[in-house]
Amino acid sequence: METVLYAAALVVLATLINIPLGYQRQSYPKFSFGWYFYVHISIPAIIYFRIKTGLGWGFIPFSISSAVLGQIIGGRMYRKRHPVDEQ
């Protein structure tokens, strides 16, 4: 039961950390230094939390998926607040 709670907390934490990072990432050109920075800066925190809670290698796909989900949510929030004028 404790492992399930830790896994759920890891997924929620990875998603919540990456929402503002995905929001910031959208303001940089694709594949620029800033873009890479905001994509990868949360990884050490997620790894630290996974190791401290004792979760094994099997939880890495879940943490990566939730981090990507947070990046997508943040990016969509940015695009919704800053629409591009199409002409």
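User: What share of the accessible surface of the chain belongs to carbon and sulfur atoms?

Analyst: The model is a predicted one, and the values that follow are computed from it. The accessible surface of the chain comes to about 6200 Å². The part of that surface that belongs to carbon and sulfur atoms is 68%.

User: Which pattern does the chain follow when read along the sequence?

Analyst: The chain has four helices and zero strands. Its C-alpha atoms fill a box of roughly 55 × 25 × 15 Å along the principal axes. Read along the sequence, the pattern is α-α-α-α.

User: Which residues make up the largest nonpolar core?

Analyst: This core has five residues in all. One of them, L10, touches I46 and L55, and also F49, R50, F59, S63 and S66, with residues up to four places away left out. The five members are L10, A14, I46, L55 and A67.

User: Is A67 buried or exposed?

Analyst: A67 has its place in helix α4. The C-alpha atoms of A67 and I19 are 8.4 Å apart in space, while the two residues are 48 residues apart in sequence. The cut-off for a buried residue is under 20% relative accessible area. Because its relative accessible area is 13%, A67 is buried.

User: How much space lies in the largest pocket, and which residues are the closest to its centre?

Analyst: The space in the largest pocket is about 300 Å³. The pocket is lined by 15 residues. Those closest to its centre are V39, I43, I64, A67 and V68.

User: Which element gives the most to the lining of the largest pocket?

Analyst: By class, the lining has nine nonpolar, four polar and two charged residues. The elements that give two or more residues to it are α1 (2-25), α3 (43-53) and α4. With seven residues, the element that gives the most is α4.

User: Which residues outside its sequence neighbourhood is Q71 in contact with?

Analyst: Q71 lies in helix α4, which covers residues 60-81. It counts as buried because its relative accessibility is 8%, where the cut-off is under 20%. Leaving aside neighbours within four places in sequence, the contacts of Q71 are N18, L21, G22, R25, Y38 and V39.

User: How far apart are the C-alpha atoms of T15 and L69?

Analyst: T15 is found in helix α1, and its relative accessible area of 13% makes it buried. Apart from residues up to four places away in sequence, T15 touches S66, L69 and G70. T15 and L69 are 54 residues apart along the chain, and their C-alpha atoms are separated by 6.3 Å.

User: What is the C-alpha to C-alpha distance between K52 and S63?

Analyst: K52 has its place in helix α3. With a relative accessible area of 59%, K52 is exposed, the cut-off being over 50%. K52 and S63 are eleven residues apart in sequence, and the distance between their C-alpha atoms is 14 Å.

User: What is the phi value of F31, and where is F31 found?

Analyst: F31 is exposed, since its relative accessible area is 52% and the cut-off is over 50%. F31 is not a glycine, although its phi is positive, at about 70°. The place of F31 is the loop between α1 and α2 (33-40).

Notes. Residues numbered from 1 in each chain as written. Predicted model: local features only at pLDDT ≥ 70, side-chain atom pairs only at ≥ 80, totals over all residues. Heavy atoms only, no water. Core = buried A, V, L, I, M, F, W, Y, C linked by side-chain atoms within 4.5 Å. Buried < 20%, exposed > 50% of the residue type's maximum accessible area, 1.4 Å probe, protein only. Contact = heavy atoms within 4.5 Å. 1 Å grid on protein atoms, 1.4 Å probe; cavity = no way out; pocket = protein on both sides within 12 Å on 5 of 7 lines; lining within 4 Å. Points joined across faces, edges and corners; volume = space filled by probe spheres on them. Nonpolar A, V, L, I, M, F, W, Y, C, P; charged D, E, K, R; others polar. Areas by Shrake-Rupley, 256 points an atom, 1.4 Å probe, with all protein chains shown as cover.
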